[in-house]
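Have a look at the sequence and the 3D model below. Let's go through it in questions and answers.

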Amino acid sequence: MKLLTIAETAALLLQNDNYILLTHRRPDGDTIGSAAALCGGLRALGKTAAVLENPQFTEKYRPYLEGLTVDSVPERAFLVSVDVAASGILAYNAVDYVNQIQLKLDHHARSDDFAPQGYVDAAAAACAEVILAILREMKAPIAKRTAEALYLGLSTDTGCFRFSNVTANTLRAAAECIDCGADTFAINQVMFLTKRLPRLQLEAQLTQSTEFYANGKVAVSAIPDKLKDELGLTEDDIDDISGFGREIAGVEIAVMLRQVGERGKISVRTSPNYNASAICARLGGGGHKAAAGASVDGGIEGAKEAVLAAIAAEGVKL
């Protein structure tokens, strides 16, 4: 993949039209906010742009996508992936278009070169930082709605600016969103200050069932499908549950396990003393130093065995 500069990326977007923006499966606030913001910015410049519908978009994020999505990819569309580290995590209905993607916009240090060209800023806390920089370079007007989509990405990928990935530039980007009219309190209220009762019941269950290793430095939690059904949990309820274990004093490596079909999904969150991406890379996954993921065969039990072995291989005595 040819890595572009910010100026080259902006020039490429300005010289083309008819954009379709692709998100990743199990979409979070960053892939959704970044896609919505880029779509809004391109439309403000007179371009034709839309976000490809993702079957896993949830109601929590729907307001940011209203009027921006399409169900199919038109002929001769210019496809751009947003916040997608690897082709294997593209939305299920976007995988067939992987060979048509012309530009990759991302912030993951460990990622696949599935597009012929791209702009990747691994120092950015969220892909939304990348999108804001591109919109600035294109001199695109940033309306209130676009600013709120950017803030959604910035805030959700940083735990409302609590995580170690936050930089001064992240905070400057958030301030710019406010300057452009973003109602940040309303976003924070929905994303961070309100929980449904099933989510609180889940946290109570995890408090009882989490297992500890390495004298309390490693916490392993699991959400079996039956628990999700028993509590009536939605994907929105468990959207940010991966960091649950890191909130426990003394825990430096938190693992969250889930059943996905016949496979076990692994999410790892670490303190600055450990590398989540290195742990997950041993299992064929990746991500950031403080937050990464992978999936393996064998369901939850297989995932537990695999991730503990990967943690041990990274020098942690369990």
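This is a predicted model: local features need pLDDT of at least 70, side-chain atom pairs count only at pLDDT 80 or more; totals for chains, interfaces and linings use all residues.

Q: Which strands are the edge strands of the open sheet?
A: Six strands build this open sheet, in the order S8-S9-S10-S11-S13-S12, and the pairing is mixed. An edge strand here pairs on one side only.

Q: How many residues does the hairpin use to join S12 to S13?
A: The hairpin links S12 to S13 through three residues.

Q: What is the bridge partner of Ser267 in S13?
A: Gly264 stands opposite Val296 of S13. For Ser267, the partner in S13 is Gly293.

Q: What angle does the direction of helix H10 make with that of S10?
A: Helix H10 (residues 299-313) packs on the sheet and touches S8, S9, S10, S11 and S13 (contact means heavy atoms within 4.5 Å). Angles run from 0 to 180 degrees between N-to-C directions, and axes are lines fitted to C-alpha atoms, for helices over the stretch in contact. For H10 and S10, the value is about 150 degrees.

Q: Why is H1 described as roughly perpendicular to H3?
A: Two packed helices are described by the angle between their axes and the distance between the axes. Helix H1 (residues 6-15) and helix H3 (residues 127-138) have axes 9 Å apart and pack at about 70 degrees. Angles under 35 degrees count as roughly parallel, over 145 as roughly antiparallel, 65 to 115 as roughly perpendicular and the rest as oblique. So the angle makes H1, relative to H3, roughly perpendicular.

Q: How do the residues of the contact of H1 with H3 divide?
A: H1 brings Ile6, Ala7, Thr9, Ala10, Leu13 and Leu14, while H3 brings Ala133, Ile134, Glu137 and Met138. Ala, Val, Leu, Ile, Met, Phe, Trp, Tyr, Cys and Pro count as nonpolar, Asp, Glu, Lys and Arg as charged, and the others, Gly among them, as polar. The tally is eight nonpolar, one polar and one charged.

Q: Is Cys177 buried or exposed?
A: Cys177 has its place in helix H5 (residues 168-179). Leaving aside neighbours within four places in sequence, Cys177 is in contact with Ala147, Leu150, Tyr151, Leu154 and Ala182. Buried means under 20% relative accessible area, exposed over 50%, and partly exposed in between (1.4 Å probe, protein chains only). Cys177 has 2% relative accessibility, so it counts as buried.

Q: How many Å apart in space are Thr31 and Val82, C-alpha to C-alpha?
A: Thr31 is found in helix H2 (residues 29-44) and counts as buried at 0% relative accessibility. Leaving aside neighbours within four places in sequence, Thr31 is in contact with Thr23, His24, Val82 and Asp83. Thr31 and Val82 are 51 residues apart in sequence, and their C-alpha distance is 6.0 Å.

Technical notes
Residues are numbered from 1 along each chain as its sequence is written. Side-chain values use heavy atoms; hydrogens and water are left out. Helices (H or I, at least four residues) and strands (E, at least two) are DSSP runs, numbered from the N terminus. Two strands pair if DSSP finds at least two bridges between them.
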